[in-house]
Protein chains: 2
Amino acid sequence: MSQDPLVIFTPSGKRGRVPRGTRVLDAARRLGVDLDSVCGGRGICSKCQVTPGSGQFLKHGLHVAQDALSPWNAVEARYDELRGLAPGRRLGCQAVIESDVVIDVPPESQVHRQVVRKEAAQRDIRMDPATRLHFVEVPEPDMHEPSGDLERLAAALAAQWQIGPLDVPLPVLARIQPALRAGKWRVTVAVHRDHGEGPARLVDIWPGLHEDGIYGLAVDLGSTTIAAHLCDLDDGRVLASAGIMNPQIRFGEDLMSRVSYAMMNPDGDAEMTQAVRRAIDTLAAQIAVDAEVDPRAIVETVFVCNPVMHHLLLGIDPVELGQAPFALATSGALSLAASELDLSAINPAARSYILPCIAGHVGADAAAVALSEDPFAQEALSLIVDVGTNAEILLGDRNGVLACSSPTGPAFEGAQISSGQRAAAGAIEALRIDRETGMPRFRVIGCPLWSDEAGFEEAVGAGGITGICGSGIIEAVAEMRMGGLLDASGLIGSAAQTGCDRLVPDGRTHSYVVHDGRPDGGPLITVTQGDIRAIQLAKSALYAGARLLMDERGVDRVDRVVLAGAFGAHISPLHAMVLGMIPDVPLDKVTSAGNAAGTGARIALLDREARGRIERDVRRIHKVETAIEPRFQEHFIAANAIPHATAQFPELSREVTLPQVNFNAGGGDGGGGGRRRRRRG
Amino acid sequence: MSQDPLVIFTPSGKRGRVPRGTRVLDAARRLGVDLDSVCGGRGICSKCQVTPGSGQFLKHGLHVAQDALSPWNAVEARYDELRGLAPGRRLGCQAVIESDVVIDVPPESQVHRQVVRKEAAQRDIRMDPATRLHFVEVPEPDMHEPSGDLERLAAALAAQWQIGPLDVPLPVLARIQPALRAGKWRVTVAVHRDHGEGPARLVDIWPGLHEDGIYGLAVDLGSTTIAAHLCDLDDGRVLASAGIMNPQIRFGEDLMSRVSYAMMNPDGDAEMTQAVRRAIDTLAAQIAVDAEVDPRAIVETVFVCNPVMHHLLLGIDPVELGQAPFALATSGALSLAASELDLSAINPAARSYILPCIAGHVGADAAAVALSEDPFAQEALSLIVDVGTNAEILLGDRNGVLACSSPTGPAFEGAQISSGQRAAAGAIEALRIDRETGMPRFRVIGCPLWSDEAGFEEAVGAGGITGICGSGIIEAVAEMRMGGLLDASGLIGSAAQTGCDRLVPDGRTHSYVVHDGRPDGGPLITVTQGDIRAIQLAKSALYAGARLLMDERGVDRVDRVVLAGAFGAHISPLHAMVLGMIPDVPLDKVTSAGNAAGTGARIALLDREARGRIERDVRRIHKVETAIEPRFQEHFIAANAIPHATAQFPELSREVTLPQVNFNAGGGDGGGGGRRRRRRG
């Protein structure tokens, strides 16, 4: 009878006896139950809402009385009146435990709640942001025991939140006195705490209880585009996403031309640094407008990027990354003031975190992919490919992970392709070729219809069909190969050889006409022999990189392939495999991870423990440098054929039989047989 | 016979046996002997020079053989050829111990050497600067084990100098790669380490061995003037000193008028912050030119200042310091990047240290005085007075220290005095009045002669005699009192009452004519009744503050008085005591500490342990707030008389008998008796 009440928290299942009269919030803290509170139990913030059960709990062998918790008190009644408390809910800081009880902590009351994504491919993210809000009551100054307002605030934070020692940037220091007085010695502070050691940092301060949120920006800083997600640091929601072109393009399309620009022009690197920082600042301001959020409420930023962008963002001349031994100025993760990166649109005391680089060619973007895809947690041997101008490739499982980068060039992004263009409205992004007629049908970005569907032309609209983007050219080349219009060596057949009048002479070679917009004043869109060669170079580099890692690992096949990157998300697995971009695996083992680097950036933004994890993991990754590895060249040459000169693709053969054609005039198979041998379907 | 050689280091007396073949530098490290080395024992820096003894050492009972150390090696020979090695000197990193030996470490080879000052009043300073140079050899990058250049540099610093973890500002990070390559993987780094916890900070990096020095700036930021000393961080020498006016004077002469300016004008505080930061930056650039030092070589700054200047330097609105309870925004010491204070003339990664404040009216300047004068180390109960517009007063000994500030006003600086002026050329700084004739003689700043000496007028020159500065007015008032021209209540007698025709009617009161320059187009310099009242107010405040601390301490007398401040250095102890500025003590127990706040700043600059010491000491100081203490008013009123209405001054009486005069018409003593009662000499 006189035993202390038993309290069981769900869903954690944590249980224990606490003295009668214990507040639910205190019981939760004592039992290590994750129950949120910003105001520290003062009945102000309502973050600690719980749902007590009543009746019989067979599972726990417990009967919960109606009055197991104290009745509503005045604070709860007032809160309900002002803002409404959902039925059955109580404030954990007000309700007192009177007898045995089962208490459910709803997800929104958990500090480390999971953010569950709707898209299956996306990771659930554990919420543990580096910057959080805390409500503090600060003792007033006493003339007889003089101490600074900061020192009393720091002591209160230590006593009420176990936070300290506290580092305060000068502009925040200047705001402490007015905030304390306006809030009558009760303030809300935003405090940043690194996952490692080091002091806590005061980022901002508001009088009283600050109920507007604080936000973070996850930035994927690419060579071509800069993409950012604005996330709520309380619940992890993505409030807005936006992207702009990387203005460094005017200094060089690809990374190596930017490194050259830095080498050839005094202060060239500083120019590029200034350009990219300004662009990020503009993007941050824009995304705040989009989300209707005060830009000052953006208190954290996370960056992922390749090594050259990493150095240019930091203001470091990237020249060493252009030559062996490809030494990074720094490989470790960086935690710094956003103001050091000249970000002035957001909170002036905002912090920035930059993920670690893996090697001179494998950057923080690859680390972000590793954080998102977590190969170290996989049973299956996973090949993770982030396709871009450089492809970052990870291979591994729980026994170890290898990484390399491979210079695929810009062909996969539609550059150096005769009718190529970036993935934008008007670009052909998907293409099929009829096996019998050799006629193409295609889909254009911005229009859901295929080109042979009724209403297509109206739907495409005035902009018309402007070119082929990366995923479109991959499908075009693979379809040409499947349709017998292209042989294994990559040679395009003639109309005579194939019986397809879409093949037209083009100098000494042939081109495939995808769409002739000239009658309407539009472009003639073709796939030329040069385009095929560009794609061959790109896909050979990608395959060779993957194969090199497989050699290092001592395996001939992988269990699964993950295509990452904005572009990877749009690649058709079948077409990628017909092309020989990736090693042979069952088609259903090829998945897209979407923008995994961006997801990794979001994880690092929302979960500071993840930062420590990727910093440790990066050190465990075995780096392979493709640029100096002779086997890379061998793999590259053998991978030139479509799909491959020597490797068997048994899984691919199960899906599709590739026509055995050869359009080389001196070839043994002779010309003209392609169309006849073409199999149906 | 086979026992290890005994090595004795002087002057430390540290001794021990080390294996034959041990380098002197290694032996010193093993035995905890303070022997410097920048290059870490590579025979480059020559900082580890020692002087081995030979022959009989009776004191140690040791005979040292001629060949106790290995012969000169090639490194020493080359060093001697290139730069010259003084006779008898060896390089500690080259000479090897072969048998028992006595080795003297000359002062310049000690890391923590004392800087001995010639002036007796100045403290010797232990050298332990927060920023030091270290020579490091860094492994080259390896493509197969990729790691950042920073990470390898940090590992080398940890291995070779036990320094880390390492924090690197971005601009310094950008300089690592070129420095490592230019120096062929050998660099010199300037590393800042706080006295407390926290990471080491990379401040600068140079290829190879950097032999130019690094420097620090100790800044005494006063309400009226900003004074700075440029110190060599290797040996503590003051290379140059300079001062400029505080440009904030245009916002208000005294501190409270600046606080008012901040209250009355939006952004008024920001204006003042910008003005003072710019002035400091200008001063830093100027002092580097004066000392012929690269401003980039200035890697540290230390600031001492009163609380209002402290806040304005930091960019904090000082409004709270103008009203009870006089709450400081922060009272603790601050270690921050000099760039946060907009100091751009010096090294961009330079650090700044600001001493802690004691209370809302007792600032970092008082803390610096406490650091310099160290009352906690005194046997004698010491009253330390830093005289300025506000006087900071410390009272204590090893049993405890009290502090207060007292609002003396600007009279001691020559302001609010009819003929007053700042201490500058042309100002009367010393004055004597003949007891018999009542005639004055005086000395003027910039001229060594007294006014009654031959050649005085030529020596004073064209500028002439322009006014009276603070020390001059104190002496004038005290001399008038001693000469019977002024009574204890502060009333100036008439010519008739005193028989002195230098006393002239001035409205309803009388003035004393010090000098009539009008015939030569100069000013008439007098001491008016208003001047006497202003000095009475100032000295009463000073005395009342001291007396309040004595009450708190429960004593009626102190053992010694230290006058600090640029002004304090020029006050005659006798005259100060006649005036009743300070409590009665034997005259030889009144000393001047010169600019003790500036000395404290230099100590904090050169000895980081001293920073920890004053931070601890400040917390031990008991603060007394004069503004709200009723007894302060009582003491103030009683101190209005010259020297005092009630307190006895027995020590003063031993030196001088003050005439018993009373010039109040209604007074019991009647008028006119002053001159007759005057005692000779």
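Modeller: Domain bounds here come from an automatic or database domain assignment. With that in mind, chain A is divided into domain 1 (6-109), domain 2 (115-207), domain 3 (215-354), domain 4 (367-408 + 542-655) and domain 5 (411-534). Residues are numbered from 1 along each chain as its sequence is written, while chains are lettered from A and ligands numbered from 1 in the order in which they are written. This is a predicted model, where local features need pLDDT of at least 70, side-chain atom pairs count only at pLDDT 80 or more, and totals for chains, interfaces and linings use all residues.

Biologist: How many residues does the contact take from chain A and from chain B?

Modeller: Residues are in contact if their C-beta atoms, placed from the backbone, lie within 7 Å. The contact takes 36 residues from chain A and 36 residues from chain B. On the side of chain A that touches chain B, α4(A) gives the most, with six residues; helices are DSSP runs of H or I with at least four residues, strands are runs of E with at least two, and both are numbered from the N terminus. Also, 100% of the interface residues of chain A are interface residues in chain B, so the copies meet through the same surface.

Biologist: Which residues are buried in helix α5 of chain B?

Modeller: A residue is buried if 20 or more other C-beta atoms lie within 10 Å of its own, exposed if 12 or fewer, and partly exposed in between, with C-beta atoms placed from the backbone. In α5(B), residues 255-264, the buried ones are Leu255(B), Arg258(B), Val259(B) and Ala262(B). On the other side of α5(B), Ser257(B) and Met264(B) are exposed. The buried residues of α5(B) pack against α6 (268-290) and α7 (307-314) of chain B.

Biologist: Where is His361(A) placed?

Modeller: Look in the loop between β19 (351-354) and α8 (364-373) of chain A. His361(A) counts as buried, with 28 C-beta neighbours inside 10 Å.

Conventions. Two residues are in contact if their C-beta atoms, placed from the backbone, lie within 7 Å.
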